[in-house]
Amino acid sequence: MTDTLPDRTEPDTTAEPRGLSQRARGLLPVLGSMQGYIGLVLVIALGVYTKGDVFLDQTNLTNAIGAFASRGILAVGVTLVILTAGIDLSVGSLMGIASMASAMLLVDQNMPVWQIVPLCMLIGAFFGFVNGIGTAWLRIQSFVMTLAMLSIARGLDRQLSDNVSRTTQPRDDAGNLPENAEQFQNLGTPGHNVLEGNPLIPEGIYFPVLAFVGVCVVFHLILSRTTFGRHIYAVGGNPTAARLSGINVSFVVIAVFTLSGMLAGFAGPIDAAYSASADPLAGNSYELDAIAAAVIGGASLAGGKGTVIGTFVGALILTLLDNILGLNAVSPNWQLVIKGSIVIVAVVLQRPDLLRGLRRRFRGSRIGDGAEGTVPEKSKETSAS
């Protein structure tokens with residue numbers, strides 16, 4: 001007669017605890033969707049705590065945002081591409097070649113600003129269109145296509161300029177600026193405001209800030225209020241389903257790359273005016289700041305998720321963080337480390353499932369380590385009988 005083994009019901013040690021941990025799991029998606037706003041509040045609090053009135057000074061904030069405005073404009077274009085599950089690594093180089101083109105058109109051709117800016121936008125749009133053709137029709141991965149375009153645009157920029165910087169403030173023998181050069185300063189040179197005297201514009205707010213805000217407003221409305229904007233989200237969410245529903249996926253992909261290039265062309269003259277010159281290396285690594293702003297603002301590299309408002313917030317975070325670290329004399333090397341770390345945290349917060357999976361894996365490994373080398377009591381009893 002065999003003995004009946006007692007019922008030894010073991011608790012499920014792999015189950016996640018209830019109560020507080022459940023509430024914490026519920027907060028993870030909220031943190032992911034609100035990460036940009038939370039980050040902005042934390043950065044502002046850090047600035048106030050470390051530098052107080054110096055940080056909150058209107059001139060300081062205006063200059064900080066103006067210095068980052070060209071990269072913020074690039075970030076809006078990159079956001080459009082990311083929403084379709086693509087990536088654009090060429091925007092920094094496209095901005096650089098547009099910057100050089102603006103200086104050459106100004107100095108060599110004595111062209112007025114109202115002609116320079118549209119031409120530079122057309123130059124950027126052309127390169128963006130080629131990126132879109134390569135991605136949509138030639139089936140080249142956007143990472144590879146835009147990486148190649150980064151090299152092509154940078155090489156053309158350096159060839160056109162003979163690797164020499166070009167000034168945007170040429171002076172005659174008497175030391176005076178030509179009229180067109182004076183107008184060009186209004187695009188971004190600190191202290192110059194093309195809308196000076198306008199009662200609707202606060203004093204001290206100059207063109208780069210207005211251009212960045214204006215671009216954000218326009219493309220926010222495009223994404224949220226137009227059929228084309230809905231198509232962008234649809235293509236990024238599921239391109240096969242979008243195609244089956246009648247959306248021209250190739251057109252959408254080409255369009256977003258073209259718009260991204262156009263915005264890079266718009267940022268070029270602004271950057272040249274801000275620097276008072278066009279450098280062959282202008283825009284170098286700006287694409288990284290643009291992508292970082294979009295990701296920090298909540299855009300998913302998998303596509304279909306993100307907003308221009310979020311990108312605006314992400315750009316503000318990077319802008320103010322650069323300013324705070326500069327005011328506190330933090331080494332530029334550590335600034336890069338800090339910004340890279342923030343991007344990693346932003347990506348992790350967007351994926352609460354990743355955090356839950358890591359925790360389950362960690363708990364499982366601990367249980368396995370604790371059981372290693374032992375024989376369950378049930379097995380001992382069975383073998384004895």
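Visitor: How many helices and strands are there in the protein chain?
Guide: This is a predicted model. Its protein chain holds both kinds of element, helices and strands. The count is 16 helices and 2 strands.

Visitor: What percentage of the residues count as buried?
Guide: The protein chain has 385 residues. A residue counts as buried when its relative accessible area is under 20%.

Visitor: What share of the accessible surface belongs to carbon and sulfur atoms?
Guide: Start with the total for the protein chain, about 20000 Å². Carbon and sulfur atoms then account for 62%.

Visitor: Which residues does V76 contact, leaving aside neighbours within four places in sequence?
Guide: V76 is among the core residues with the most contacts inside the core. Its partners away from its own stretch of sequence are F212, V215, C216, F219, L263, V308 and T311.

Visitor: Why does S102 count as buried?
Guide: S102 sits in helix α4, which covers residues 91-107. Beyond four places in sequence, S102 touches I116, C120, F184, G268, P269 and A272. Buried means under 20% relative accessible area. S102 counts as buried because its relative accessibility is 0%.

Visitor: Is R154 buried or exposed?
Guide: R154 belongs to helix α6, residues 142-161. Its contacts beyond four places in sequence include G92, S93 and G96, and also P280 and L281. The cut-off for buried is under 20%. R154 has 10% relative accessibility, so R154 counts as buried.

Visitor: How far apart in space are I82 and G306, C-alpha to C-alpha?
Guide: I82 lies in helix α3. With 0% relative accessibility, I82 counts as buried. In sequence, I82 and G306 are 224 residues apart. In space, the C-alpha to C-alpha distance is 8.3 Å.

Visitor: What share of the contacts with a separation of 6 or more comes from residues 24 or more positions apart?
Guide: Take the contacts in the protein chain with a separation of 6 or more. Then pick out those between residues 24 or more positions apart. Their share is 76%.

Visitor: Which helices each supply at least two residues of the lining of the largest cavity?
Guide: A search of the whole structure finds 1 cavity of 30 Å³ or more. Its lining consists of G66, A67, S70, I270, D271 and Y274. Now place these residues on the helices, which span 58-83 and 249-275. The two helices are α3 and α11.

Visitor: How do the lining residues of the largest cavity divide into nonpolar, polar and charged?
Guide: The cavity has a volume of about 30 Å³. Its lining includes A67, S70 and D271. The lining divides into 3 nonpolar, 2 polar and 1 charged.

Visitor: Is A329 buried or exposed?
Guide: A329 lies in the loop between α13 and α14. Its phi is near 55°, a positive value in a residue other than glycine. Exposed means over 50% relative accessible area. At 67% relative accessibility, A329 counts as exposed.

Visitor: Where is N163?
Guide: Phi of N163 is near 60°, a positive value in a residue other than glycine. The place of N163 is the loop between α6 and β1.

Technical notes
Residues are numbered from 1 along each chain as its sequence is written. This is a predicted model: local features need pLDDT of at least 70, side-chain atom pairs count only at pLDDT 80 or more; totals for chains, interfaces and linings use all residues. Side-chain values use heavy atoms; hydrogens and water are left out. Helices (H or I, at least four residues) and strands (E, at least two) are DSSP runs, numbered from the N terminus. Buried means under 20% relative accessible area, exposed over 50%, partly exposed in between (1.4 Å probe, protein chains only). Contact means heavy atoms within 4.5 Å. Accessible areas come from the Shrake-Rupley method with a 1.4 Å probe; for residues, only the protein chains shown count as cover. On a 1 Å grid over the protein atoms alone, a cavity is a set of points where a 1.4 Å probe fits but cannot get out, and a pocket is an open set with protein on both sides within 12 Å along at least five of seven lines; lining residues have an atom within 4 Å of a point. Grid points are joined across faces, edges and corners, and a volume is the space filled by probe spheres set on the points. Ala, Val, Leu, Ile, Met, Phe, Trp, Tyr, Cys and Pro count as nonpolar, Asp, Glu, Lys and Arg as charged, and the others, Gly among them, as polar. A nonpolar core is a set of buried Ala, Val, Leu, Ile, Met, Phe, Trp, Tyr and Cys residues joined through side-chain atoms within 4.5 Å.
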